[in-house]
Amino acid sequence: MKSGRRLLLALVAAVAIVGAAASCSADGTGDRNSTVTAGPVIYPLSLRYHGIDVVQDVPYGRDPLQQLDVCLPADSPPESTATPTATPTAAPTEAPDRVEVGTRPAVMMIHGGSWSHGDKATAAYRSVCQYLASEGFVTFNVDYRLAPTDPFPAGLDDVRRALDFVFRQSTLQTYDVDPGRVGVFGGSAGGNLAAMLAVQDHESTAYADGFRIRAVVDLSGPTDLTARSTGSDGVAAAFQRKQLLYLGCASYRACPAAERASPEYHVTKATAPFFIGHSTDEFIPLWESQRFASTLRSHGVPVTFVAVQGSAHSIAQLDQAMSRRVTNFLRAGLR
């Protein structure tokens, strides 16, 4: 009798352990911390995307780098492969109650490259764009002006302009986008820019008109570009020089742009929920994202924080499980 009872208790315990593991697995939602391991393959690069159209080089401004690609889900109507004809440099002017909204969630992607290089059309970022589209998100993959030719705030101004373009009525209609279901995604320098968009979203014209970011994915984004990042536990000297080129500063001693370009110092209670992925041994120190997550939470902002064991940087973290965490987070935030 006692042995039977012990067996029953063991079975109950096993079920509880399995349930607990499942609840902390790859759903990617909720306010939580977790540590995971990542596979060696960027999962979106390993797939073929049948029926996913890519509308290339849509202008959102007049500069040659102010262009974006649109990756469309497979169920998109044929007319959505067109380019909106509205003037791309203007901000949205219609009040929300006069906008003819679409029905689908959207994500605006921002590539990395230390703010000085990178391209929306590289194989890795194009595949992530197509992957998000295959998961049902109309995905806008953005280029922006680069340092040192165009230092801060040019890149940030560009991605804000691109987001305003997403919220234009002509864009919403053409690509069937619901303006109440728009998120941003960025890796590395793109993660910094995505985070900056989010923490300053309340200052934008689009926000005042009722349009706002609903969910943010930040993979390995530098969040503190001040002298704090140059300490013994900070970024290497080579990356410090790249930060200064982006900031347009000769040194960290007299660089007001450093704090202005750091998401850490601009969080408000109006900031959208975050998914933060950061590897434990990569060249952007883990403490930057850890401290940023703490700052977000201190303002009541929900954060899903995933520490990835190893040195995988930015979208290199996106093995199959991590890709699923990201899409589940976006799906929950943009439902």
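Q: Which residues line the largest pocket?
A: The lining is Phe-152, Pro-153, Leu-156, Asp-157, Arg-160, Met-196, Leu-197, Gln-200, Glu-203, Ser-204 and Arg-260. A pocket here is an open set of points on a 1 Å grid over the protein atoms alone, where a 1.4 Å probe fits, with protein on both sides within 12 Å along at least five of seven lines; lining residues have an atom within 4 Å of a point.

Q: Before I go on, what sort of model is this?
A: It's a predicted model, where local features need pLDDT of at least 70 and side-chain atom pairs count only at pLDDT 80 or more, while totals for chains, interfaces and linings use all residues. Residues are numbered from 1 along each chain as its sequence is written, and side-chain values use heavy atoms, with hydrogens and water left out.

Q: OK, new topic: how many disulfides are there?
A: Two, taking a disulfide as a pair of cysteine sulfur atoms within 2.5 Å. Cys-71 is joined to Cys-129, and Cys-249 to Cys-255; S to S is 2.1 Å in the Cys-71 link and 2.1 Å in the Cys-249 link.

Q: And what's the angle about the S-S bond for Cys-71 and Cys-129?
A: That link has 120° and is right-handed. For Cys-249 and Cys-255 the angle is 80°, also right-handed.

Q: Is Cys-249 buried or exposed?
A: Cys-249 counts as buried because its relative accessible area is 16%, and buried means under 20% (1.4 Å probe, protein chains only). Cys-255 is buried too, at 10%.

Methods
Buried means under 20% relative accessible area, exposed over 50%, partly exposed in between (1.4 Å probe, protein chains only).
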